[in-house]
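Trainee: Could you take me through this model one question at a time, ending each answer on the value or name I asked for?

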Amino acid sequence: MPLAKTIMLQGTSSHVGKSVLCTALCRIFKQDGFRVAPFKAQNMALNSYVTADGGEIGRAQGVQAEAAGVMATVAMNPVLIKPKQDLNAQVVVMGKPLADMSAREYRANFLPQAVELVRECLRQLRQEYEVVVLEGAGSPAEVNLKDRDIVNMRAAMLAEAPVILVADIDRGGVFASLVGTLELLEPDERDRVKGFIINKFRGDLELLRPGLEFLEQRTGKPVLGVIPYLHDHGIEQEDSVCLGEPQPTVGTAEIDIAVIKLPRISNFTDFDNLRLVPGAAIRFVGPEDSLGQPDAIMLPGTKNTIQDLLWLKESGLAGQMQALARQGVPVVGICGGYQMLGTMLYDPQGTEAGVGDVTGLGLLDIETTFHPVKQTHQCRAKITCPTLPWYDITNQEIKGYEIHTGEVKLGAGVKALLEITSRSGSPVAVMDGAVDHTGRIFGTHLHGFFDNPQVLLGWINFLRRRKGLSQLSIEQMPVMQREKNYDRLAEVVRGSLDMPKLYHLMGLGVRS
């Protein structure tokens with residue numbers, strides 16, 4: 001059988017929009033009748049995705065698979081790097097943790113053997129699909145890293161992929177970054193670059209046109225499209241750089257929700273749907289920001305619960321959270337944030353941080369013990385807690401996913417929030433989460449908890465009742481909009497790209 005045609009997007013830097021544009025291309029090729037798969041050889045991200053068989057990959061590739069209408073597999077992102085400390089990261093290979101490594105160890109001991117792994121995963125995907133959309137990482141012109149590259153030009157070579165170079169015009173210096181990147185590439189790498197995409201453009205395209213003409217004359221390569229700045233595309237992001245950008249509010253801000261911006265924040269996409277609820281204003285709060293008097297506080301997941309808990313205490317945010325909780329402000333913890341809400345965190349084998357046991361925030365009567373084994377599952381569960389705000393959805397089924405090592409023991413002062421009934425397709429009966437006696441403070445290990453419309457509606461309406469605001473309906477919940485968001489993104493990108501030229505570069509025949 002013929003191998004799949006390929007296309008690769010590389011960037012002049014991180015956060016130029018490669019992930020979102022690859023998502024759009026996956027959707028476009030699906031709409032055009034092709035079986036398409038995403039691929040990224042190596043991903044450094046704390047936002048991860050759990051495949052149906054319990055493997056852990058970068059969240060971007062999970063989202064791209066969803067846009068392509070296919071089931072995500074570990075072959076789509078064979079290497080995932082999850083930073084734990086400044087010089088140390090967990091390396092996940094084919095969905096399972098391999099080891100914690102320093103950057104030097106990773107480069108010296110792992111990368112030389114990783115090329116064959118990348119080659120095999122690409123071979124598998126190209127045999128199973130008709131189109132593979134590859135995403136690069138950072139920039140292909142990092143001269144200090146190129147000799148052991150597996151994610152940019154080496155991946156393009158292994159995939160026989162034409163490369164499109166993407167630049168972010170919103171940050172300035174777009175022409176210098178494109179020309180400069182080309183100048184730093186080797187001649188064969190420069191030949192593999194077949195064109196440019198300029199992303200995040202605001203303004204009059206006619207005013208940009210002289211710059212586009214200069215770029216094409218200077219490099220001899222075409223600009224395949226200029227993508228407008230998409231203010232609210234609704235596509236999950238993998239890079240925490242986006243947390244520094246203003247968070248949009250739908251309608252008038254009525255509910256103020258503060259999300260603590262932990263140094264090692266992970267899977268902050270747990271809160272994407274909250275900011276799309278009418279009247280809900282989401283703000284990410286660091287030590288330089290004012291926590292103020294929010295209507296609710298949310299403590300997200302983290303790659304290192306103990307280290308981020310110590311940071312929370314040192315920054316003063318822990319004391320502010322505890323004071324607000326005593327005043328009656330609801331507090332929610334997801335995964336590592338849930339564990340921080342407890343009374344004690346035990347690390348007997350030093351697998352989490354190597355600093356010993358630490359006291360928690362004391363907002364929930366729970367204790368966490370860390371073990372080396374990580375739970376990574378897609379899950380089904382049902383709400384079991386009859387306390388506000390869950391009384392009206394008790395026994396309803398929900399979905400989510402687990403990525404954690406800590407095991408939590410509940411004390412007498414809390415009730416379990418839910419029962420996990422299925423892990424990676426196998427039936428189980430595991431109680432998870434905890435709710436205090438007021439119903440205001442709760443947590444769970446389940447990522448994607450607020451992706452369930454009935455959960456999101458119940459909690460938002462609980463906050464609205466506390467302020468005397470009118471109740472929202474299930475139709476106003478944004479969770480059902482994912483497919484529409486993919487189609488809307490594809491429509492904008494298709495209309496902004498020279499798709500016939502892209503098809504020609506790939507050697508791909510257009511289907512009616």
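Trainee: What share of the contacts in the chain with a separation of 6 or more is accounted for by residues 24 or more positions apart?

Mentor: This is a predicted model, in which local features need pLDDT of at least 70 and side-chain atom pairs count only at pLDDT 80 or more, while totals for chains, interfaces and linings use all residues. Residues are numbered from 1 along each chain as its sequence is written, and side-chain values use heavy atoms, with hydrogens and water left out. Contact means heavy atoms within 4.5 Å. Among the contacts with a separation of 6 or more, the share from residues 24 or more positions apart is 74%.

Trainee: Is P140 buried or exposed?

Mentor: P140 lies in the loop between β9 (131–135) and α4 (153–159), where helices (H or I, at least four residues) and strands (E, at least two) are DSSP runs numbered from the N terminus. Leaving aside neighbours within four places in sequence, P140 is in contact with residues including Q10, G11 and L185. Buried means under 20% relative accessible area, exposed over 50% and partly exposed in between, with a 1.4 Å probe and protein chains only. As the relative accessible area of P140 is 4%, this residue counts as buried.

Trainee: Which element gives the largest share of the lining of the second largest pocket?

Mentor: A pocket here is an open set of points on a 1 Å grid over the protein atoms alone, where a 1.4 Å probe fits, with protein on both sides within 12 Å along at least five of seven lines; lining residues have an atom within 4 Å of a point. The second largest pocket is lined by 27 residues, of which Y49, E66, Q378, K399 and G400 lie nearest its centre. Elements giving two or more residues to this lining include β4 (48–50) and β21 (366–383), but the largest share, 4 residues, comes from α2.
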